Amino acid sequence: MLRSYFGLTAAEAGLASHVSSGRKLESIAHELGISYETARNHLKAIFAKTQTHRQSELAAVLARFAVAPPRWRKN
């Protein structure tokens, strides 16, 4: 649902779901087997697509989405 609503790639959606846990990006990158720079690039794209600017904002958006996902596609 994250992919279709926000237009995230599979990699971005996977990273977004991990970021919502509140863990540090370095730890998430290590767990996903990607470099920190790759994780940062994905996170920048996620911020742009979700219109957020910080990991805490993104976590809040994802929490709201999980509780009450919209029934329509954004845009």
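Look at contacts in the protein chain (heavy atoms within 4.5 Å) between residues at least 6 apart in sequence: 52% of them join residues at least 24 apart. Keep in mind that this is a predicted model, where local features need pLDDT of at least 70, side-chain atom pairs count only at pLDDT 80 or more, and totals for chains, interfaces and linings use all residues. Residues are numbered from 1 along each chain as its sequence is written, and side-chain values use heavy atoms, with hydrogens and water left out.

**Overall build**
- The protein chain has 5 helices and 0 strands; helices (H or I, at least four residues) and strands (E, at least two) are DSSP runs, numbered from the N terminus.
- Reading from the N terminus, you get α-α-α-α-α.

**Surface and inside**
- Of the 75 residues in the protein chain, 32% are buried; buried means under 20% relative accessible area, exposed over 50%, and partly exposed in between (1.4 Å probe, protein chains only).
- The chain's accessible surface is about 4,900 Å², and carbon and sulfur atoms account for 55% of that; such areas come from the Shrake-Rupley method with a 1.4 Å probe, and for residues only the protein chains shown count as cover.

**Zooming in on helix α2**
- Helix α2 covers residues 10-19, and its buried residues are E12, A13, L15, A16, H18 and V19.
- Those buried residues pack against α1 (2-6), α3 (25-32), α4 (36-50) and α5 (55-67).
- G14 also sits in helix α2, but G14 counts as partly exposed because its relative accessible area is 26%.
- G14 and R3 are 11 residues apart along the chain, and their C-alpha atoms are separated by 9.5 Å.
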